[in-house]
Amino acid sequence: MKLLLLSLITVFSFCKKDSNTNVKTDPVYTQYGTPFAGVPSTSDAAIYQVNLRAFSANHDFKSVTAKLDGIKSLGINVVYLMPIYPVGVKNSAGGLGSPYSVKDYKAVNTEFGTLDDLKALVDAAHAKGMAVILDWVANHTSWDNAWTANKSWYKLDAQGNFTPPAGTNWSDVIALDYNNKDMRAAMIDAMKYWVYNANIDGYRCDAADFVPLDFWKEANDAMKSITTHKLLMLAEGTRNDHFQAGFQMVYGMGYYSDLKNKVFDKANSLTLLQNLNVSEYATAKPGSQVVRYTTNHDVYLSDGSPVNIYGGKTGSMAAFLITAYMKGVPMIYNGQEVGTTQKIDFFYNTPIDWSTNPEMTTEYKNILNFRAGSDAVKTGDLSVYSSDDVAAFTKSTDKQKVLVIANMRNNNATYTIPPALAGAGWKNAFSNATVALNGQLYLQPYQHMVLVQ
């Protein structure tokens, strides 16, 4: 009887409500594993995005674990997993359903393996010096999520029915109502669940623009309250208040759009990209960073491979070089490093052919590994020398100066060396060959280089 009474008290303590707010308090979770002490600072971070349905023929956690050495060899220290949760079936949009249609925030999609498999992946990444962050979908759930038993947790249409997020065609999901305190508490509890139960190192927060600022501030404060962990929080969005909400990193969606639509092989000047260094960092706090990319799962599906977008293999590397070095945190999407051009669809299992373009893999390794060892590239002062057609800039500390030059056109270009860069003393950062810069530099289409002194 005494044991039964103690059990009832324990259950009650996990489910009690705060007398002032009438909101359920968090359960007390037991920490799995040892919190990872090697989570990089935002200035050091380099992110690798994993689409589990494309990463391997088995589309599972074990396959990612088996290739962690290859990911690390690229110069990566943060592995970002697309949603790992069970996918809703009701109103499912094609194929296996979108991984962003979450049926259960506290479960693993058996399509990918088990919770133990996820833990093993995280453990192995930590052992190799890499953090692991999960995709978090806070704006909406699937139609068959258990939360739908609480209808007041959702936005409803005029007839009192569940409704997809306003302004979208996302028919497989329904929008949550952030006016409901119980739902907000449950969301934060679920975010804490994975920190404790899988020892993960943070979140990339999907569709962050759709979720109110005050919730994101509450969620980020809750993550910071887990003092045993250093957690990375990344917002996918364009709103100018995400840094204010406590995110350390925000997507450079404007950078991608201008790079693809206005600059690359277009008539617009390269100075457009430089201007984004001001606008995208306007609300940044110390240590905050913009995450910049030449592709991700969304734009790969809608726009195609970087090889196709940026004029071929050489052009895609030129685009990535200036993206990774100018300012911010570089992120690459699985398959990008082998220059794949096949369709990668996260609604289906579309395994990547990893055997293609080893020379591109080598160049990605050169770019990211040099960045990893260069304080000048990561945190140095930026000076820009771009012409309309050629991106040129230096990143400098008192110990090193790194010069990036990239012809961003599918034509030969002539670049006049400015006096500040002229002279000997430069070396190719990857081959160590001596380079002298004098007069004019003649560049082939998409030719690019990294020099150092």
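What covers the buried residues of helix 7? The cover includes helix 6 (181–197), strand 6 (202–206) and strand 7 (232–235). The structure is a predicted model, in which local features need pLDDT of at least 70, side-chain atom pairs count only at pLDDT 80 or more, and totals for chains, interfaces and linings use all residues. Residues are numbered from 1 along each chain as its sequence is written, and side-chain values use heavy atoms, with hydrogens and water left out.

Helices (H or I, at least four residues) and strands (E, at least two) are DSSP runs, numbered from the N terminus. Helix 7 holds twelve residues, 213–224. The expected span of a helix is 1.5 Å times one less than its number of residues. For helix 7 this gives 16 Å, and its end C-alpha atoms are 16 Å apart, so the two values agree. The buried residues of helix 7 are F215, W216, A219, N220, A222 and M223. They lie on the same side of helix 7, because they cover an arc of only 155° around the axis. The arc is that of the directions from the helix axis to the C-beta atoms. An α-helix has 3.6 residues a turn, so residues three or four places apart point the same way. Buried means under 20% relative accessible area, exposed over 50%, and partly exposed in between (1.4 Å probe, protein chains only).

Helix 5 has 13 residues. From its first C-alpha to its last it reaches 18 Å, close to the 18 Å expected at 1.5 Å a residue. Its buried residues are D117, L118, K119, L121, V122, A124, A125 and H126. These pack against helix 3 (61–66), helix 4 (68–73), strand 2, strand 3 (131–137) and helix 6. G129 follows helix 5 and has a positive phi, near 85°.

Positive phi values also occur at N199 and A207. Phi of N199 is near 65°, in a residue other than glycine. N199 sits in the loop between helix 6 and strand 6 and is buried, with a relative accessible area of 1%. A207 is not a glycine either, and its phi is about 45°. Its place is in the loop between strand 6 and helix 7. A207 is buried, at 7% relative accessible area.

G287 lies in the loop between helix 9 (271–279) and strand 9 (289–292). T42 lies in the loop between helix 1 (2–15) and strand 1 (47–50). Which of the two is buried? T42 is buried, with a relative accessible area of 10%. G287 is partly exposed, at 48%. Leaving aside neighbours within four places in sequence, G287 is in contact (heavy atoms within 4.5 Å) with T42 and Q248. The backbone oxygen of G287 lies 2.4 Å from a polar atom of the T42 side chain. G287 and K378 are 91 residues apart in sequence and 12 Å apart in space, C-alpha to C-alpha.

A search of the whole structure finds 26 aromatic pairs. Rings of Phe, Tyr and Trp (its six-membered ring) pair if their centres lie within 6.5 Å; planes under 30 degrees apart count as stacked, over 60 as edge-to-face and the rest as tilted. The rings of Y100 and F346 have centres 6.2 Å apart and planes at 80°, so this pair is edge-to-face. Y100 lies in the loop between strand 2 (78–81) and helix 5 (115–127), and F346 in the loop between strand 10 (329–333) and helix 13 (358–372), so the pair ties together parts that are 246 residues apart in sequence. Y100 is buried at 7% relative accessibility, and F346 is buried at 5%. F346 also pairs with F347: the centres are 5.1 Å apart and the planes at 25°, so these rings are stacked. F347 is buried too.

One aromatic cluster is formed by Y29, Y85, Y105, W136, W147, W153, Y193, W194, Y196 and Y203. Charged ends sit over rings as well (NZ of Lys or CZ of Arg within 6 Å of the ring centre and within 35 degrees of the ring normal). K67 sits over the ring of F55, 5.5 Å from its centre. K327 sits over the ring of Y281, 4.3 Å from its centre.

Conventions. A polar contact is a pair of N or O atoms within 3.5 Å; within protein, one must be able to donate a hydrogen and the other to accept it, and residues adjacent in sequence count only if both atoms are side-chain atoms.
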